[in-house]
Amino acid sequence: MGTALLALAGCGGGGFFSGKTAEEKAKDAAFACPRVGIVRELSEVVQFRPGKGREPGDVVSHGVLSDYNGNCEYRDDGVTVNVAVTLLAERGPALAGSQAKYRYFVAVVPPGAEPTGGSKREFDTTVDFASGQTRAGNREELSQTIPLPKDANAKDWRIYIGFQLSNEELAFNRAALVRSK
């Protein structure tokens, strides 16, 4: 099963400050987690059966990156970002079998770089539908370390998550966004 990086509101966790002096706690509080977000136009994917049909009966599945949470922990070698994302799926009438397969990405972008200027990793995942079930989901988890010099802050780093779409799927999503406005 795949894993993903998603949106983090900030650092936290019960053990982040435990056992530290007041000075160390104040220093740690000044450090923030990287900004994380799901790319809107890449947050959903509608998969159609092969061919030109784009009617409701041609839908294999509909996947949504719906929610996320996480935290980060600073170490001498950088910051470790722990994130979890929820992927929800709806079975379409054209799904053969009981599984829908998806590919998503996590891109880590340093300060000042364009969103396409970072490192990107892709992950495959499968959602299993029980007999008669039309909706199902997975929780994808990932931990990744961003190497940073000691005492460097990751607050200006960004992490983007989205489905890895074909050009046709991206065009479909963009048209749907225009229709929804």
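This is a predicted model: local features need pLDDT of at least 70, side-chain atom pairs count only at pLDDT 80 or more; totals for chains, interfaces and linings use all residues.
Residues are numbered from 1 along each chain as its sequence is written, and side-chain values use heavy atoms, with hydrogens and water left out. Local features need pLDDT of at least 70 and side-chain atom pairs count only at pLDDT 80 or more, whereas totals for chains, interfaces and linings use all residues.

**Salt bridges**

Side chains of opposite charge can pair when their charged atoms come close. A salt bridge here is a side-chain nitrogen of Lys or Arg within 4 Å of a carboxyl oxygen of Asp or Glu. The whole structure holds nine salt bridges, including these:

| Pair | N to O distance |
|---|---|
| Glu122 and Arg103 | 2.6 Å |
| Arg103 and Asp124 | 2.7 Å |
| Asp156 and Lys155 | 3.3 Å |

Arg103, Glu122 and Asp124 are linked in a network of salt bridges. Arg103 is partly exposed at 36% relative accessible area, where partly exposed lies between buried (under 20%) and exposed (over 50%), with a 1.4 Å probe and protein chains only. Glu122, at 39%, and Asp124, at 44%, are also partly exposed.

**The second largest pocket**

A pocket is an open set of points on a 1 Å grid over the protein atoms alone, where a 1.4 Å probe fits, with protein on both sides within 12 Å along at least five of seven lines; lining residues have an atom within 4 Å of a point. The second largest pocket is lined by 15 residues, and Leu42, Phe105, Thr116, Lys120 and Gln164 lie nearest its centre. By class, the lining has nine nonpolar, five polar and one charged residues, where Asp, Glu, Lys and Arg count as charged, Ala, Val, Leu, Ile, Met, Phe, Trp, Tyr, Cys and Pro as nonpolar, and the others, Gly among them, as polar.
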